[in-house]
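Subject: Structure handover and notes

Hello,

Please find the structure below. My notes on it follow.

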Amino acid sequence: MNSLHLRATLGSRGIDLELDVLEGETVAVLGPNGAGKSTLLQLISGVVAPDAGIVRLGEDVLTDTASNTIVPIHARGVATLAQEALLFPHMDARTNVAFAPRSTGANRATARAVADTWLGAVGASHLADRRPAQLSGGQAQRIAIARALAADPRLLLLDEPLAALDVDTAPGIRRVLRTVLRESGRTALIVTHDLLDVVALADSVAVIDGGRVVERGSVTEVLTAPRSEFGARIAGVNLISGRAVDAENSTSLTTNWGVTVHGSGRHTTGTSVVAVFSPAAVSVHLTAPHASPRNVFEVVIEEMEVQGSGIRVRSRPQPDGSPGMAADITPAAVSDLGLEPGRSVFFVVKSREVALHPALPSAARSDGYRRS
Ligand SMILES: Nc1ncnc2c1ncn2[C@@H]1O[C@H](COP(=O)(O)OP(=O)(O)OP(=O)(O)O)[C@@H](O)[C@H]1O
């Protein structure tokens, strides 16, 4: 069994994390800069020890502060692939990849055979005799992937593995990762800032913010019904938090600055809920329309940017500091309405376009979450 259980605090970095990963699951770890994503990987790989906590891989305890257990980095069955390939410069590609099986006791011929298998799997057989200095960034990253897998890790940690590659190289490496993650059914965590990695590589998502897992769900769940601000940002949807209030046949939400949002979904009065709606569902008006059932928000435009063939109009941040709302409209509408930053307008969205979901507690979600 290669499922992962982690619970760890690390005061010096403001970390209080809890995470469970199923055997064979690939989890995309998302979150703003400094949230604790790399620290999560370091706690698992054993580079960093928690103040208190436990890391278990299957039945094996890798870290347990209660019993003073810290299995050394090389003996944890965990391989890390970083942004930079970090190959040994004095060894050719094949020897770099063979290093992992050699260091676990394989003889030279066996290690070489394992290396050649993995070099083939990542499409790099023709690079076997080259030294790292003779490889491009993308080629070096292929070798690094082969090296990580040649160790036959029980768990693979990927820390922004495509971030250092140019836009032409990244798709090829993403395909390699997709093959090795999907086809081998290996348990893996991938830290990324890229939505493409999430949809191409991951089964589920963990959003980390302020040292805590604030959202955990399947990729579909998080992208269609995010419950955290960061989840909403990456999914490109609007998210407003508040408390449920009773409305006729439905539920509404009231924010702590007194705005009411009508949507679909029934929730117990007083519970924390989030309203989620697409920027494409928002229209922009200069005067408040009165047709109901609609939500009408008086906002000030913060910025406008080209988004595909349209314009995304974003309002100023909410009074609680959360991001402003986005509306996607046509360039013609922007021109007709004379929109510009600083202008007061009304954002309008139909109630049936707004979905109300229960908000997640700001801790790991261990109850209802299942892999989709
Ligand atoms: N070696 C270190 N020593 C002390 N504090 C650190 C160290 N590395 C990171 N931190 C702090 O721990 C917190 C979490 O950082 P971490 O690098 O895990 O975040 P991250 O989510 O990976 O961010 P990024 O997306 O910017 O890489 C931050 O406050 C950071 O300043």
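Where is the place of Leu86? Leu86 sits in the loop between strand S7 (78–81) and helix H2 (93–103); helices (H or I, at least four residues) and strands (E, at least two) are DSSP runs, numbered from the N terminus.

Before the rest, the conventions. This is a predicted model, in which local features need pLDDT of at least 70 and side-chain atom pairs count only at pLDDT 80 or more, while totals for chains, interfaces and linings use all residues. Residue numbers start from 1 along each chain as its sequence is written.

Positive phi

Leu86 is not a glycine, yet its phi is positive, near 50 degrees. For context, most residues other than glycine have a negative phi. Leu86 is partly exposed because 14 other C-beta atoms lie within 10 Å; the cut-offs are 20 or more other C-beta atoms within 10 Å of a residue's own for buried, 12 or fewer for exposed, and partly exposed in between, with C-beta atoms placed from the backbone.

Asp152 is also not a glycine and has a positive phi of about 50 degrees. Asp152 lies in the loop between H4 and strand S8 (155–159). With 15 other C-beta atoms within 10 Å, Asp152 is partly exposed.

Overall

The protein chain has nine helices and 21 strands. Its C-alpha atoms fill a box of roughly 80 × 50 × 35 Å along the principal axes. Of the 372 residues in the protein chain, 42% are buried. Among contacts in the protein chain with a separation of 6 or more, 65% are between residues 24 or more positions apart; two residues are in contact if their C-beta atoms, placed from the backbone, lie within 7 Å.

The protein chain is divided into domain 1 (4–224) and domain 2 (237–354), with bounds that come from an automatic or database domain assignment. The C-alpha centres of domain 1 and domain 2 are 39 Å apart.

From the record, an unreviewed UniProt entry lists "domain: ABC transporter" for residues 1–235. UniProt positions are given in the numbering used here, feature names are shortened, and annotations may be inferred rather than shown by experiment. In the model, residues 1–235 are 35% helix and 25% strand, and the end C-alpha atoms of the span lie 32 Å apart.

Which residues are around the ligand? They are Ser12, Arg13, Gly14, Gly31, Asn33, Gly34, Ala35, Gly36, Lys37, Ser38 and Thr39, where near means that the C-beta atom, placed from the backbone, lies within 6 Å of the molecule. By class, the shell has one nonpolar, eight polar and two charged residues. Here Ala, Val, Leu, Ile, Met, Phe, Trp, Tyr, Cys and Pro count as nonpolar, Asp, Glu, Lys and Arg as charged, and the others, Gly among them, as polar.

Helix H1 covers residues 37–45 and is largely enclosed by the rest of the structure, because seven of its nine residues are buried. The buried residues of H1 are Lys37, Thr39, Leu40, Leu41, Gln42, Leu43 and Ile44.

H4

In helix H4 (residues 137–150), 14 residues at 1.5 Å a residue should span 20 Å, and this agrees with the 20 Å between its end C-alpha atoms; the expected span is 1.5 Å times one less than the number of residues. H4 is mostly covered, with 13 of its 14 residues buried.

- Leu57 is in strand S4 (residues 52–57). Leu57 counts as buried because it has 25 C-beta neighbours inside 10 Å. Leaving aside neighbours within four places in sequence, Leu57 is in contact with Asn2, Leu4, Leu62, Gly77, Arg154 and Leu155. Leu57 and Asn2 are 55 residues apart in sequence and 5.6 Å apart in space, C-alpha to C-alpha.
- Val21 is in strand S2 (residues 15–21) and is buried, with 24 other C-beta atoms within 10 Å. Beyond four places in sequence, Val21 is in contact with Ser3, Leu4, Val27, Thr187 and Leu189.
- Ala288 is in the loop between strand S16 (283–285) and strand S17 (294–307). Ala288 is exposed, with 12 other C-beta atoms within 10 Å. Leaving aside neighbours within four places in sequence, Ala288 is in contact with Val296 and Phe346.

Regards
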